[in-house]
Amino acid sequence: MPVPKAELHLHIEGTLEPELAFALAARNGVTLPHADTAALREAYRFSDLQSFLDLYYRLMAVLRTAEDFTELADAYLERAAAQGVRHAEVFFDPQAHTARGVPLGTVVEGLSASLDRAEERYGVSTRLIMCFLRDEPVESAMATLEAAKPYLDRITGIGLDSAEVDHPPAAFRAVYEEAARLGLRRVAHAGEEGPAAYVREALDVLGVERIDHGLRCVEDPELVERLARERVPLTLCPLSNVRLRVVDALADHPLPLMMDAGLLVTVNSDDPAYFGGYAGDNFDGVQQALGLTEDQLRELARNSFRAAFLEDDEPRRARYLAEVEAYAFGTE
Ligand code: HPA
Ligand code: ZN
């Protein structure tokens, strides 16, 4: 079994594998612009974040009913569990569904039906995090937060994703203030394609507790020092960074440098169906390409549980951390 880990940066829509996409398309009478799964896989050559997002939003057309979302999440949790994931904090993009006429309640109830039984079925504890699309107007994000109020017992926090460049975090200040007032945890994508300044802004203006990606912080030594001092978790996604051309190759990933700088980094899969692997594949990838030691891999696994939103269940966090300590590498 792979090392126990938490997955903290995972878009559930990005777990839609080609086979499931075609099965749902047939069931829902949706026509996909690709002939078959092989042709679809051919389209998985991205030049940047936007080229990925175009396909990602397009394929979502197959997700229509609560059962579709339940099936999608079940398939992810089964794969994640097989790769050592013990706790998953799952992102979803409500606006990408409501814009297509799928009600928010359908999405939340469909995902919850899977997440609520994930522990008993797959041995995975879960949280749900609702992300806002930063390339849509702030009014749409605010309306989405308002519409989510009946479901807040099932939603742990909010995030910010989609096209980053020219969409700075500060525009969403009022949304994050309202979310804080409602007791929601706050994260945001920053410093993936956008500059290090967006990481600062997410911390200072949005009050986020974790940064998703954040790898461009390495361009700003003062920021790196602050992130290390304040123990701000950065949820890195190495295979995603290669596929979206944020780094040239895994061997060039700044992960080891970031660990050496004392940053609290974690390794995650982002959109595993599109980027060539789930959480364990990302661990294996960085281990091989960057020559990480067992100590470093164990530290990454510890970090994932340290950074998890488990403040309401500290005994569980302690159990997971004990599993990491007890894990014997080389027995996978
Ligand atoms: N970045 C921004 N938005 C996203 C991503 C990502 O990596 N995946 C899904 N939406
Ligand atoms: Zn992401």
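**Exercise 1. How far is the sulfur of C237 from the closest cysteine sulfur, and in which residue is that sulfur?**

Solution. This is a predicted model, where local features need pLDDT of at least 70, side-chain atom pairs count only at pLDDT 80 or more, and totals for chains, interfaces and linings use all residues. Residues are numbered from 1 along each chain as its sequence is written, chains are lettered from A and ligands numbered from 1 in the order in which they are written, and side-chain values use heavy atoms, without hydrogens and water.

Step 1. Find the partner: the closest cysteine sulfur to that of C237 is in C131, 12 Å away.
Step 2. Apply the cut-off: a disulfide is a pair of cysteine sulfur atoms within 2.5 Å. The sulfur of C237 is therefore too far from that of C131 for a bond.
Step 3. Repeat for C217. Its sulfur is 14 Å from the closest one, in C237, again too far for a bond.
Step 4. Search the whole structure: zero disulfides turn up.

**Exercise 2. Are C217 and C237 buried or exposed?**

Solution. Buried means under 20% relative accessible area, exposed over 50%, partly exposed in between (1.4 Å probe, protein chains only). C217 has 0% relative accessibility, so it is buried. C237 also has 0%, so it is buried.

**Exercise 3. Which residues coordinate the zinc ion (ligand 2)?**

Solution. 
Step 1. Pick the donors: N, O and S atoms within 2.8 Å of the metal (3.2 Å for Na, K and Ca); water is not among the atoms, so sites may look incomplete.
Step 2. List them: H9 (NE2), H11 (NE2), H189 (NE2) and D270 (OD), at 2.1 to 2.2 Å.
Step 3. Read the spacing in sequence: H-x1-H-x177-H-x80-D.
Step 4. H11 is in strand 1 (residues 5-11), and D270 is in the loop between strand 8 (264-267) and helix 14 (272-275). The two are 259 residues apart, so the pair links distant parts of the chain.
Step 5. Check burial. H11 is buried at 4% relative accessible area, and D270 is buried at 3%.

**Exercise 4. How many helices and strands are in the protein chain?**

Solution. Count DSSP runs from the N terminus: helices (H or I, at least four residues) and strands (E, at least two). The chain has 17 helices and eight strands. Its radius of gyration, taken over C-alpha atoms, is 19 Å. Buried residues make up 59% of the 332.

Terms used
Rg over C-alpha atoms; globule rule 2.2 N^0.38 Å.
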